[in-house]
Amino acid sequence: TRRHRSLSLSLSLSCSLCADSTGAYVVGGSPSGSLYLWLAETGEFLCSWRAHYRPVTRVAFLQGELVLVTAAEDALVHAWSLADVLCARSGVSGDAEPLATWSEHSLPVTGLCCSRAGGAGSLVASSSLDHTCRVWRLGRAKALCAVSCPSPLLCCCLDGQEQRVYAGGRCGSVFEVSLTGAVAGEAGRVTRTLRGHAGAVTSVGCCADGGTLVSSSEDGSVFLWNRSSGERVRDIERDHPVRFADVVQVRWPRAEAAVGARGAQPAPTLRPLKKYKPAPGEQECGVGVTALPDGEVDRVLGALRGGAAGGGSAREAEAAGGDGQAEELAAMREELRAAKEELGRVREEHGRTKDKLSEAQGKLLDFLQSKNALV
């Protein structure tokens with residue numbers, strides 16, 4: 001049984017966080033299309049990189065691999081090696097490039113799922129608002145199969161045997177897609193439609209043994225389905241939309257209580273995920289705030305003004321023991337000021353160029369999506 005721990009985060013994210021199978025790394029996606037990577041145990045911010053042109057919608061790790069799969073509203077699906085990303089951010093290599101890029105969707109990708117098997121032959125399933133569910137494999141540029149459904153799709157999942165894909169539609173139905181002949185090159189097909197939700201399906205998930213399917217909906221309902229018969233075996237109703245539901249196996253043995261009685265220590269609380277990467281050699285420190293009397297505040301401000309006019313430099317020179325050191329200190333300050341101004345100009349120019357590029361990419365994507373929608 002795993003103990004779940006909470007994280008606090010101050011960033012704006014556009015999708016759920018995802019951890020790799022070892023629990024060492026945590027990844028999240030932002031509305032700007034950037035990905036953020038943290039160490040789970042310490043909350044240390046490792047790096048961020050621009051992965052998509054539009055908001056990231058889904059992130060998932062391949063089972064047992066440090067390979068991250070991401071999807072976004074730009075209709076792209078990327079696979080990234082965390083080793084390449086970390087090397088690029090540490091300066092060992094150039095910018096990180098995705099291991100694979102799949103671009104056959106024509107509208108935003110809304111669902112993403114990786115097979116439980118892991119390894120280089122892992123399957124990746126994606127769903128999109130373009131009504132299609134596609135299955136990919138690392139090392140192949142084209143989808144193994146693409147199945148068109150009657151409704152825009154919002155989520156998807158693979159079963160444990162990698163024989164079926166389940167996709168949830170905006171219409172409230174769950175579509176079952178057979179992959180029996182897809183790997184051999186044949187087209188996949190919708191073999192069954194599970195109906196019952198009155199609102200859009202927000203999530204679908206299969207249990208490990210493959211016998212049960214769970215689906216949630218914006219109407220507040222959660223259904224458990226028997227995959228063999230397609231019948232609902234349990235209904236759970238809520239008075240608010242349910243965004244996510246899944247099937248998990250939890251053991252409740254008496255031995256678990258006995259272990260706790262012997263003094264088992266609970267898992268330590270995770271540190272909050274940091275927003276910025278620490279500077280080299282920087283250490284965490286506490287910050288104290290001291291209230292100064294009104295007269296003391298005026299004296300400090302007066303000293304600062306005097307230092308800016310040259311009085312501060314004179315006092316520093318006297319403390320340093322000579323006018324030569326004062327001149328050297330003043331020259332260093334001037335160089336630092338000039339360097340800061342130059343850095344500010346470069347940052348502003350880079351920001352303007354980046355905004356123009358993002359705007360052009362967004363217009364191109366809108367044009368392509370409008371064209372595909374008309375076709």
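## Leu 62 and the loop around it

Leu 62 lies in the loop between strand 5 and strand 6, where strands (E, at least two residues) and helices (H or I, at least four residues) are DSSP runs numbered from the N terminus. With a relative accessibility of 1%, Leu 62 counts as buried, a word that stands for under 20% relative accessible area, with exposed meaning over 50% and partly exposed in between (1.4 Å probe, protein chains only). The C-alpha atom of Leu 62 is separated by 8.9 Å from that of Leu 123, although the two residues are 61 apart along the chain.

This is a predicted model, in which local features need pLDDT of at least 70 and side-chain atom pairs count only at pLDDT 80 or more, while totals for chains, interfaces and linings use all residues. Residues are numbered from 1 along each chain as its sequence is written, and side-chain values use heavy atoms, with hydrogens and water left out.

Strand 6 (residues 67-72) is largely enclosed by the rest of the structure, because six of its six residues are buried. Val 67, Val 69 and Ala 71 point one way from strand 6, whereas Leu 68, Thr 70 and Ala 72 point the other way, and all of them are buried. In a regular strand the side chains alternate between the two faces of the sheet.

Strands are said to pair if DSSP finds at least two bridges between them. Strand 5 (residues 56-61) runs antiparallel to strand 6 and is joined to it by five bridges, with Ala 60 having Val 69 of strand 6 as its bridge partner. These two strands form a hairpin with five residues between them, and Gly 64 in the turn has a positive phi of about 75°.

Strand 6 also pairs with strand 7 (residues 77-81), in the antiparallel sense and over five bridges, and here Val 69 stands opposite Ala 79 of strand 7. The hairpin of strand 6 and strand 7 has four residues between the strands, and Ala 75 takes a positive phi near 70° in it.

## The second largest pocket

The second largest pocket has a volume of about 730 Å³. Of the 22 residues that line this pocket, the closest to its centre are Trp 49, Arg 50, Ala 51, Arg 89 and Lys 354. A pocket here is an open set of points on a 1 Å grid over the protein atoms alone, where a 1.4 Å probe fits and with protein on both sides within 12 Å along at least five of seven lines, and lining residues have an atom within 4 Å of a point. The volume is the space filled by probe spheres set on the points, which are joined across faces, edges and corners.

The elements that give two or more residues to the lining of the second largest pocket are strand 4 (45-50), strand 7, helix 1 (82-89) and helix 5 (323-374). Helix 5 gives the most, with five residues. By residue type, the lining divides into nine nonpolar, seven polar and six charged residues.

Four strands form an open sheet in the order 9-10-11-12, with antiparallel pairing. Its edge strands are strand 9 (109-114) and strand 12 (145-148), each of which pairs on one side only.

Strand 11 (residues 132-137) is joined to strand 12 by four bridges, and the two run antiparallel. Val 135 has Cys 145 of strand 12 as its bridge partner, while the partner of Cys 133 in strand 12 is Val 147. Cys 145 and Val 147 make up the covered face of strand 12, whereas Ala 146 and Ser 148 make up the uncovered one.

## Cysteines without a disulfide

The structure holds zero disulfides, a disulfide being a pair of cysteine sulfur atoms within 2.5 Å. Cys 156 is in no disulfide, and the nearest cysteine sulfur, that of Cys 133, is 5.2 Å away. Cys 156 is buried, with a relative accessible area of 7%. The sulfur of Cys 206 is 3.9 Å from the closest cysteine sulfur, in Cys 157, which is too far for a bond, and Cys 206 counts as buried at 2% relative accessibility.

Cys 171 is placed in the loop between strand 14 (164-169) and strand 15 (174-178), and is partly exposed, with a relative accessible area of 42%. The C-alpha atoms of Cys 171 and Val 201, which are 30 residues apart along the chain, are separated by 7.6 Å.

Key: Nonpolar A, V, L, I, M, F, W, Y, C, P; charged D, E, K, R; others polar.
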